[in-house]
There are 2 protein chains.
Amino acid sequence: MKLYNSAMPAPNPRRVRIFAAEKGIDLPLEEVALAKREHKSDAFREKNSLGQTPVLELDDGTPISESVSICRYLEEIHPEKPLFGRSALERAQVDMWLRRVEFALMAPVGNFWRHAHPYTAKVVKQFNEFGESNREGVAAAFRWFDRELEGKNFILGDYFSIADITALCTVDFAAFAGLEMPDGTPHLHAWHARVSSRPGAAA
Amino acid sequence: MKLYNSAMPAPNPRRVRIFAAEKGIDLPLEEVALAKREHKSDAFREKNSLGQTPVLELDDGTPISESVSICRYLEEIHPEKPLFGRSALERAQVDMWLRRVEFALMAPVGNFWRHAHPYTAKVVKQFNEFGESNREGVAAAFRWFDRELEGKNFILGDYFSIADITALCTVDFAAFAGLEMPDGTPHLHAWHARVSSRPGAAA
């Protein structure tokens, strides 16, 4: 088993690295250089026809793509220290929060990165006015997230989950793209400091 | 247990209705009228702070939002006839395909609907040139999906899963929005006819 990985700042491979580190899984990495467009090569597209990292390759060669799907597989084969929830209801709530973070926060961050950042302007056609409009959407999502975090250590309360990992990778990638957490979001800032201080965050 | 539902053409509540029908779960529905903006009311936002349908309300009042998270909960409490996969690897592959359909196909359909359709122009600020650009993205995604379906009855081969349900709801919503499956996609057309003919598709 090995992970086709891309280094920081790519947020999606980082999700898997943190997930594996939190569970104590040693995952061999093979770098796929996004700057060299290696993820768009024919050879890599045989592993993932969408040309995206990360991809987990099993020992028999079977590829699994999508960061969250890779984490689900790791959770199945290493169930100890569950990060997708510990009961039917909690698993639904972790999944709900994971999706909320992806659709409400990661999506506008991605739109900004894709359509308004100078880096991506070099490789794709941008709609800059649309891209810039996501600044406000991201700020509004940060404020919503801040309200939801009030009184909680982690997104699910006292239980650290893959929803926190996804949110951490999203917030850090947003900052890399130039979208910092806004002022007046104390719960968000406290949560971010809390999850960033975990050893796994450095994975 | 009841489902806060919104009628066709809303694709996300439909995903849950089909999922429940396929598993033989009788799910009482309470309509939330999107045209009347009932999903954005303070009362509904107490169930889902993002103001979106569907929401599953448990008998103790606990709300679960996000269509896929609701389906995961239903799968947990009614495990018979699994639609999320039957083994660790298959569950990862179902999840991978579910996410591929959402990110590669549903996302550009949503962008078109949000930014280029006359209906949404009445309620939100649009970036029309960006919205229109998604026509080609959707067509490209349909062609990718067609290639992936070659030789398969369902997305996972002979196994019908929530990935098929999500893709069906996406393709039908795309058509509603004016984005029909392009010519030259025979595997996609055959798959669509196959999944549309299942009784659950009418739910």
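**Notebook: helices, sheet and chain contact**

I began with two helices of chain A. α1(A) and α3(A) pack with their axes 9 Å apart, at an angle of about 15°. I noted that this is a predicted model.

What does that angle make of the pair? Angles under 35 degrees count as roughly parallel. α1(A) and α3(A) are therefore roughly parallel to each other. I also looked up the hand of the crossing, and for α1(A) and α3(A) it is right-handed.

Next I listed who makes the contact. From α1(A) I wrote down A:N12, A:R15, A:V16, A:F19, A:A20 and A:K23. From α3(A) come A:S67, A:I70, A:C71 and A:L74. I sorted the residues of this contact by class: six are nonpolar, two polar and two charged.

**The sheet**

I turned to the strands. In what order do the strands of the open sheet stand? I read β2-β1-β3-β4 in chain A, four strands with mixed pairing. β2 and β4 of chain A stand at the edges with a single partner strand each, so one side of each has no neighbour in the sheet. On average, neighbouring strands of this sheet are turned by 25° against each other, direction ignored.

Then I checked the partners of β1(A), one by one. Strands of a sheet pair through backbone hydrogen bonds, either parallel or antiparallel. β1(A), residues 2-5, and β3(A), residues 55-57, pair in the antiparallel sense over three bridges. Here I found A:Y4 opposite A:V55, and A:L3 opposite A:L56.

With β2(A), residues 29-31, β1(A) runs parallel, and three bridges join the two. I looked up A:L3 again: its bridge partner in β2(A) is A:L29. How does the chain get from β1(A) to β2(A)? It crosses through helix α1(A), residues 11-23. I noted this β-α-β crossover as right-handed.

**Where chain A touches chain B**

Last, I went to the contact between the chains. I recorded 26 residues of chain A in contact with 26 residues of chain B. Which elements of chain A give two or more residues to this side? They are β4 (63-65), α3 (67-77), α4 (88-116) and α6 (128-149). The largest share, nine residues, comes from α4(A). By class, I noted 12 nonpolar, five polar and nine charged residues on the side of chain A that touches chain B.

Terms used: Residues numbered from 1 in each chain as written. Chains lettered and ligands numbered in written order. Predicted model: local features only at pLDDT ≥ 70, side-chain atom pairs only at ≥ 80, totals over all residues. Contact = placed C-beta atoms within 7 Å. Nonpolar A, V, L, I, M, F, W, Y, C, P; charged D, E, K, R; others polar. Pairing = 2+ DSSP bridges. Right-handed = clockwise from strand over helix to strand, strands pointing away. Axes fitted to C-alpha atoms, helices over the stretch in contact; angles between N-to-C directions. Parallel < 35°, antiparallel > 145°, perpendicular 65-115°, else oblique. Left-handed = near helix turned anticlockwise from the far one by under 90°.
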